[in-house]
Amino acid sequence: MKANVWMGRNRLEIQDVPDPQILNARDAIVRVTSTAICGSDLHLVDGYIPTVKKGDVLGHEFMGEVVEVGSGVRDLHVGDRVVVPFPIACGACFACEEGLYSVCENSNPNAGIAEKLMGHAPAGIFGYSHMLGGFPGGQAEYVRVPFADVGPIKVEDDLPDEKVLFLSDIFPTGFMGAEMCDIKPGQTIAIWGAGPVGQFAAASAFLLGADRVIVIDRFPYRLRRVQRTGAEVLNYEEVNVLDALRDMTGGRGPDACIDAVGMEAHHPTPAIYAYDRTKQAARLETERPYVLREAIMACRNGGVVSVIGVYGGFVDKFPMGTVMNRSLTIRTGQCHVQRYTEPLLQRIRGGEIDPSFVISHRMPLSEAPHAFELFKNKQDECNKVVLTP
Amino acid sequence: MTDKFVRALGWASLALGAVQLAAPRAVTRLCGVDDTPGATTVARLVGGRELLHAALLLGARNPARWAWTRVAGDTMDLGVLGKAAANRTGARRIRALAALGAVAGITALDVACARGGTAKARGPLQVRASIVINKPREEVYRFWRDLENLPSFMVHLDSVRAINQRRSRWKAKGPIVDLEWEAEIIEDRAGDLIAWRSVPGVGVSTDGLVGFTDGPGGRGTVVDVSLEYGAPGRKLAAAVARMFGEHPEQQVRDDLRRLKQVMETGEVVRSEGSPEGHRALRQLRQRPAQPIGGRA
């Protein structure tokens with residue numbers, strides 16, 4: 001089959017690889033009908049996530065049709081149409097019972113590697129490094145899906161792929177980012193990053209009752225897109241974000257701040273950008289944490305900083321003093337997608353939201369490397385690419 | 001005891017080094033080499049080296065192994081003094097021989113001390129590990145008590161066959177030859193613990209104890225395993241572990257992860273990067289995360 005394969009930093013190739021086969025009784029094989037490129041894939045391509053290996057198949061946002069099931073799969077059958085959550089979860093451990101699917105205790109066969117880096121191991125994730133399991137991803141014609149009767153959600157044919165595909169990651173991720181803010185009526189939420197996850201976070205904040213949403217980015221086309229959700233926008237290359245947010249909230253600061261950017265943020269001041277960029281290039285720190293620092297500084301006293309942008313390792317110059325002295329709460333996590341698929345599918349079915357609003361490009365899987373270029377370099381107003389095998 | 005002795009050697013180095021640096025001429029006279037130009041320079045250099053020994057022996061948290069640096073220095077001194085004695089006659093030769101004898105005595109002390117500090121600890125090799133499994137105590141106990149289940153998560157075991165209620169026959173894949181031994185259960189408290197040991201005289205000596213207690217808040221079961229490899233088994237275990245590239249402690253931890261997967265999900269979880277499931281050795285040499293192909 002054809003698959004998008006990581007061959008080194010900034011090197012992707014469409015290659016012929018073997019078809020997947022059942023390895024565990026509770027596996028299913030899914031023929032991919034739609035898959036997408038995620039902003040977090042760029043961290044892999046740029047080489048900032050440790051333990052990615054030459055030959056790894058990328059992709060963790062995908063859906064398709066079940067073509068084979070293992071002997072232990074109970075309520076999934078050949079022919080079922082499914083959207084597959086990006087974290088792999090067994091459904092039976094302590095974490096899964098608590099709804100903490102992205103830290104499933106059983107789905108990562110390389111837990112030992114992750115423990116050395118992180119203390120304890122999170123769940124396995126499709127196509128997202130070996131310390132997160134060493135599972136091939138969904139930018140391929142077929143994928144093996146472990147615990148097939150736990151994660152995948154069945155979807156009837158009446159909803160097209162483009163409306164439900166993003167249940168695999170970015171819609172639930174944006175939604176969880178907003179949910180972690182504990183939004184109350186009248187509140188103002190600031191979101192860093194107007195990419196697809198930021199756009200979903202903005203839409204979700206309104207769904208959850210936010211009064212105002214302010215989104216910060218530097219790409220006018222992305223800011224225009226997020227304005228469609230009803231959000232106000234700030235271009236950080238034009239204004240001082242901390243001053244602007246203070247002005248817009250009567251000096252108090254946003255009630256909650258969402259970091260939808262993560263480890264490869266940019267900074268308008270060249271010297272400051274150069275400082276962290278150099279350290280990152282020399283692998284002295286793994287992150288460029290401008291957004292995290294700024295979100296913490298901006299948040300009102302006692303507010304919540306919700307982090308859904310991906311971080312991989314260690315952050316320098318972390319303003320812990322302001323977190324502590326101003327009673328801030330930091331909430332974060334890889335999205336526990338399985339918790340949100342059913343309720344969010346209902347919201348889609350009910351017409352509350354049509355997630356396809358983020359799509360800017362539709363391309364064949366064979367053009368995946370080119371699509372990554374467009375997406376990474378923000379060419380052609382690229383916002384979200386859907387690939388079809 | 002050894003440590004105190006090593007520290008004493010450190011102080012001796014310090015004193016000797018100080019004397020050699022402060023009064024090199026006296027030292028060369030004492031050794032009978034004051035007739036050679038440059039001998040005082042050598043004495044000063046040796047004095048500097050002695051200070052280095054002193055720093056290592058007095059400064060290190062675990063000084064015994066640094067006594068080997070003194071042994072190396074002694075060897076050098078013996079060589080130099082031996083040559084000096086051979087090339088001299090009369091009173092100078094006698095002084096050089098006396099110095100040689102003194103250094104030989106000190107060398108013996110240093111060797112004894114260094115060996116004492118770096119000898120392997122004796123006694124059996126013990127490993128311990130624990131994990132929480134989200135199943136009731138009774139169920140986890142029953143699974144383990146059926147010893148024939150053990151190979152399903154202990155990858156180094158080939159098979160375990162129960163001979164009767166207490167006795168069982170174990171087979172393990174060895175790197176060169178397969179190993180076989182008999183074990184007997186020596187304590188068995190339903191839902192609480194199982195203890196076993198290998199039957200004496202079968203070549204392999206292992207003891208094992210597994211305890212089952214309620215998990216925090218009454219959720220699940222804490223499984224606590226202690227294994228002990230006796231003298232003959234210990235060497236074997238270490239050799240096997242080396243062949244597999246895995247430390248015995250790591251093996252037990254990995255075994256417990258797989259036990260948890262088997263109990264909670266029904267089988268060992270595999271990925272294309274780690275097709276055998278969780279195993280330390282595989283984590284060092286991952287397959288790429290792409291389908292395996294070939295045989296099913």
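Leaving aside neighbours within four places in sequence, which residues is A:Ile189 in contact with? Select A:Ile189 and look around the side chain. The partners are A:Ala178, A:Cys181, A:Ile183, A:Ala205, A:Ala210, A:Val213, A:Pro254, A:Asp255, A:Ala256 and A:Ile258. Contact here means that C-beta atoms, placed from the backbone, lie within 7 Å.

Before moving on, some ground rules. This is a predicted model, in which local features need pLDDT of at least 70 and side-chain atom pairs count only at pLDDT 80 or more, while totals for chains, interfaces and linings use all residues. Residues are numbered from 1 along each chain as its sequence is written, and chains are lettered from A and ligands numbered from 1 in the order in which they are written.

**Chain A, domain by domain**

Colour 2-169 + 335-388 as domain 1 and 174-332 as domain 2. These bounds come from an automatic or database domain assignment. The C-alpha centres of the two domains are 25 Å apart. Their contact takes 19 residues from domain 1 and 18 residues from domain 2. On the domain 1 side, show α1 (39-45) and α12 (337-349), each supplying at least two residues. The largest share, three residues, comes from α1(A). Helices are DSSP runs (H or I, at least four residues), numbered from the N terminus.

**Chain B**

Colour 2-118 as domain 1 and 125-284 as domain 2. Their C-alpha centres lie 53 Å apart.

Finish on α2 (residues 24-31) and α3 (residues 39-59) of chain B. They pack at about 105 degrees, with axes 9 Å apart. Axes are lines fitted to C-alpha atoms over the stretch in contact, and angles run from 0 to 180 degrees between N-to-C directions. α2(B) and α3(B) are therefore roughly perpendicular (65 to 115 degrees). Show B:Pro24, B:Arg25, B:Val27 and B:Thr28 of α2(B) against B:Ala39, B:Thr40, B:Ala43, B:Arg44 and B:Gly47 of α3(B).

Notes:
Angles under 35 degrees count as roughly parallel, over 145 as roughly antiparallel, 65 to 115 as roughly perpendicular and the rest as oblique. Two residues are in contact if their C-beta atoms, placed from the backbone, lie within 7 Å.
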